[in-house]
Structures are given as structure tokens and as C-alpha cells.
Amino acid sequence: MRGAPEPERHLTGTEGAPLVFLVRPTDGGGRAGKGEVDILMKGLVQTADFTRAVLNREHGLLDPGQLLSHVAVFEIPDYHKLLIVTDAAINVAPTLEQKIVIIGNAARVARSLGISHPKIACVAPVEKISSKIQSTVDA
């Protein structure tokens, strides 16, 4: 028989930011929708469950017709600036129009971090243009 679920934990991160460890990670979307958290970090939870919680219309995180994209910000000790990577897995085969929206989302994140004029590089898996790989055509 299982005991009572572990209570939600509240800690302080290394930069003084409050950290909340949720009992049910899928509650993150609702907490973000209420303004109780600003950043969601996926841990050991199924991607489908995590994404479903973020996309839940009741949470109000995404207006109908908007495009969800992923942005990761890396602070690399031996690199002179932040490195931002976008949409590593959310939109598998975005159209050119969707790519423009994804870049806009990443640029907004960069500006919110104080990068007024972000330099953006679109990366394709090969160097030669191939009609079989749309990203090489779009580039």
C-alpha cells in the first residue's frame, strides 16, 4: 500500500529564485496560467503529458491559432554570451510561415534577456540544397 503523496516542495535556487517541485508535474500548465510560475522545467514526466498540460485551453497559456515552440537558453562557462536554441523537438516539419513565428518567439525571449538585436542562424542538417529536405530549400 502506498503512503500519502509527497508534499509539494519549495526551495530557493542558486540565484535566489524560488523553485517549486510539483507533486504532479502536469500541474505546471495550470500554475503557469495563474501566474504562479514563470518557467516550466520538464523532468521525469512523459513528454505527451507535459505538453498536454501546457496546451490545455483551460490554462490560457496559448491563444487558439497560436504556435507553440520550445526555447532553451544555455549559459556556457567558456562562451562569451548566452546561446539560445529554439524548437529542437516541438514542430517536426514546420512550414516557412511557422518558422517565421518560431524565430519571432525566440527573438522575444532573447530581448527579454537583454539581447536587443539577436543574431539568428537557421540550421539545416546538410549543406547542399535538396528538394527532399525542405529546411535546405527554405534556407
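This is a predicted model: local features need pLDDT of at least 70, side-chain atom pairs count only at pLDDT 80 or more; totals for chains, interfaces and linings use all residues.
## R31 and the overall fold

R31 is buried, at a relative accessible area of 17%, because buried here means under 20%, with exposed over 50% and partly exposed in between (1.4 Å probe, protein chains only). R31 sits in helix α1, residues 28–33.

Residues are numbered from 1 along each chain as its sequence is written, and side-chain values use heavy atoms, with hydrogens and water left out.

The protein chain has 4 helices and 4 strands, running β-β-α-α-β-β-α-α along the sequence. These are DSSP runs numbered from the N terminus: helices are H or I with at least four residues, strands are E with at least two. Of the chain's 139 residues, 17% count as buried.

## L19 on strand β2

L19 belongs to strand β2, residues 18–21. Its relative accessibility is 35%, so L19 counts as partly exposed. Going C-alpha to C-alpha, L19 and V37 are 8.8 Å apart in space and 18 residues apart in sequence.

## The second largest pocket

How much space lies in the second largest pocket? About 970 Å³. The closest to its centre, out of 33 lining residues, are T86, I120, A121, C122 and V123. Elements giving two or more residues to this lining are β4 (83–86), α3 (96–112) and α4 (134–138). Helix α3 gives the most, with 8 residues.

By class, the lining has 23 nonpolar, 5 polar and 5 charged residues. Nonpolar covers Ala, Val, Leu, Ile, Met, Phe, Trp, Tyr, Cys and Pro; charged covers Asp, Glu, Lys and Arg; the others, Gly among them, are polar.

As for the terms, a pocket is an open set of points on a 1 Å grid over the protein atoms alone, where a 1.4 Å probe fits, with protein on both sides within 12 Å along at least five of seven lines; lining residues have an atom within 4 Å of a point. Points are joined across faces, edges and corners, and the volume is the space filled by probe spheres set on them.

## Y79 and its loop

Y79 is in the loop between β3 (71–74) and β4. At 36% relative accessibility, Y79 counts as partly exposed.
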